[in-house]
Amino acid sequence: MKVDVLLGLQWGDEGKGKIVDVLTPKYDVIARFQGGPNAGHSLEFNEIKHVLHTIPSGIFHPDKKNVIGNGVVIDPVIFKKEVEEVTKLGVDLTKNLLISKKAHLILPSHRALDAASEAAKGNSKIGSTLKGIGPTYMDKTGRNGLRVGDTLSPNFMEKYKQLKEKHNSLLGMYDFKPEISDYEKQWFEGVEFLKSFTIIDSEYAINNYLAEGKAVLAEGAQGTLLDIDFGSYPFVTSSNTICAGACTGLGVAPNRIGEVFGIFKAYCTRVGSGPFPTELSDDTGAKLQKCGHEFGATTGRPRRCGWLDMVALKYSVMINGVTSLIMTKADVLDTFDTIKVCVAYNQDGKMTELFPFDTEAKFDPVYLEFDGWNIDTTKLRHQNEFPEELNAYINFIEEELGIPVQYVSVGPDREQIIELGEE
Ligand code: GDP
Ligand code: IMO
Ligand code: MG
C-alpha cells in the first residue's frame, strides 16, 4: 500500500480539515506530518462545528487510527485542551490517537521567544500565530529540542531546565521578560496528560500499517506557499508543508507516496504578513471576506482575500506532484457577477508566469474574467446540477494545471461535497 497525501496549495486554510473528514471513511489511518497548533482545521457535521489544532482530522470516525507524526510540534497545554473538547463530544481518544516519540515539544519559553522575535521585527513581522512554532523548529534543527519520548526519561526535568536556561539568556538579549510561570504550571500538567497516551515509534507503525495493506492518508497543515523552502520566505512557517514533508514527517520513503490531493479555495486568502499578488483591498475583497467568513480558525484574525492565482497554483502543483485537485468554497463565489483569475504577473511591462523569489518585488496581476453563476450552489450534490459557468471555471483550472478536479466543496458541512465524474 501507499500513503496518500492531502495538502494545501495556497497560504493555508483551504479546508483541509473538512476534506480529510470527508475522505476518512476510505482510509484506516490518518496521520499529521508537520506543523503544530498554528494550524486550525475546521470540521462540521450534525450541526457541530469543531476546530482541531494538533489532532488529525480523522478523529471523529470511530475505529480509525490517528497518528501525530514525528514532524509535528506539540504544545502539551493546547493538546490537553483540545483532547478535552473532543472527549466532550463523545470521542474516545485513548484508543485511536497515537503520538510519535520523536515529535518535538513546544516549551512555554518557545512561545515567549516567538513573541520576542515578532516584537523585535516591528513592521516587518511575519504575523506568526505566536504559538512558538518557529523557535521550536529552530531548536529541532539546532539539535537542542525536547521530544515527546524525552518526557519518559528520568532526566526530563534536567533537560527542560537546561533548555529553559538557554531560552532565558536569549530572551535577555531581546530585553523581553515575559511572565510564564502560570503557563509553565499548566505545561507540566499537560506533559503528564500527554504521557497517558500511546507514545510510539510512529515510523515503524506507519510502515507496518502499509505492510498490512492498510490505507494511510497523510494530512498536511498550512499550505505550500507557507513552506519554509518554497513559500514567500521569510513570510512563511518553519516546516516543510509540501508533499516531501510527509516523507520526513512520518518516516515513509518517497516511493511509498501514492495520490497527492492538492486542495485550494476557489479564490485566495492569506492571514499574516507577506506578499499576496491578487489581494483585493476594495469592496470585492470585503465581499469575499464576508461571504467566506474569512477569519482565522486559530487566531480569529481577519484573512486577507483576493482572486485565484494560477501562477502560484501551478507552482504548488509542480512542487507537490499533485495528482488530484479539490476545490473548496465554490459557494462563496455564488453572488459574484464576474470572477477573475490571475494568469500571469506583469512586472514593469514584462510578463512572467514564474513565482517570484523577491518578496519586495512589485507586479500587477494579469486577469482573465469569467462569468459568475449567480445561483445558490450550497444544496447541489451532483455535477449534473452545476451551472455551466461553474463547469467552465473548473474546466479552465483543469486545463491550465493538467490534472482533474476530483471534488468540489460547496459549504462547510461534511455533506456539502460533490465528487466529479460520478455517474
Ligand atoms: P484548514 O486549515 O485548511 O482546515 O481550513 P480552516 O478550517 O482554517 O478554514 C476553512 C474554513 O472554511 C472553515 O471555517 C470551514 O468550515 C470552511 N469551509 C470549508 N469548506 C467550505 C466550503 O466549501 N464552503 C464554505 N462556505 N466554507 C467552507
Ligand atoms: P492551517 O493548517 C493559515 C501563517 C501565520 C503567519 C505564518 C507563520 O490552519 O492551514 P507561524 O505561527 O507558523 O510561525 O506563522 O504562517 N500560518 C497559517 N496561515 N493557516 C495556517 O494553518 C497557518 N499556520 C501558520 O499566519 O503568517
Ligand atoms: Mg486553518
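Q: In which helix do Glu-85 and Lys-88 both lie, and how many residues apart?
A: Both lie in helix H2 (residues 76–88), 3 residues apart, about one turn of the helix. Helices (H or I, at least four residues) and strands (E, at least two) are DSSP runs numbered from the N terminus. The model is a predicted one, in which local features need pLDDT of at least 70, side-chain atom pairs count only at pLDDT 80 or more, and totals for chains, interfaces and linings use all residues. Residues are numbered from 1 along each chain as its sequence is written, chains are lettered from A and ligands numbered from 1 in the order in which they are written, and side-chain values use heavy atoms, without hydrogens and water.

Q: How far apart are the closest N and O atoms of Glu-85 and Lys-88?
A: They are 3.1 Å apart, in a salt bridge (a side-chain nitrogen of Lys or Arg within 4 Å of a carboxyl oxygen of Asp or Glu).

Q: How many salt bridges does the structure hold?
A: It holds 22.

Q: What coordinates the magnesium ion, ligand 3?
A: Asp-13 (OD) and Gly-40 (O) do, at 2.1 to 2.2 Å. Asp-13 lies in the loop between strand E1 (3–8) and helix H1 (16–23) and Gly-40 in the loop between strand E2 (29–32) and strand E3 (41–45), so the pair ties together parts 27 residues apart in sequence. Donors are N, O and S atoms within 2.8 Å of the metal (3.2 Å for Na, K and Ca); water is not among the atoms, so sites may look incomplete.

Q: Is Gly-40 buried or exposed?
A: Gly-40 is buried, at 11% relative accessibility (buried means under 20% relative accessible area, exposed over 50%, partly exposed in between, with a 1.4 Å probe and protein chains only).
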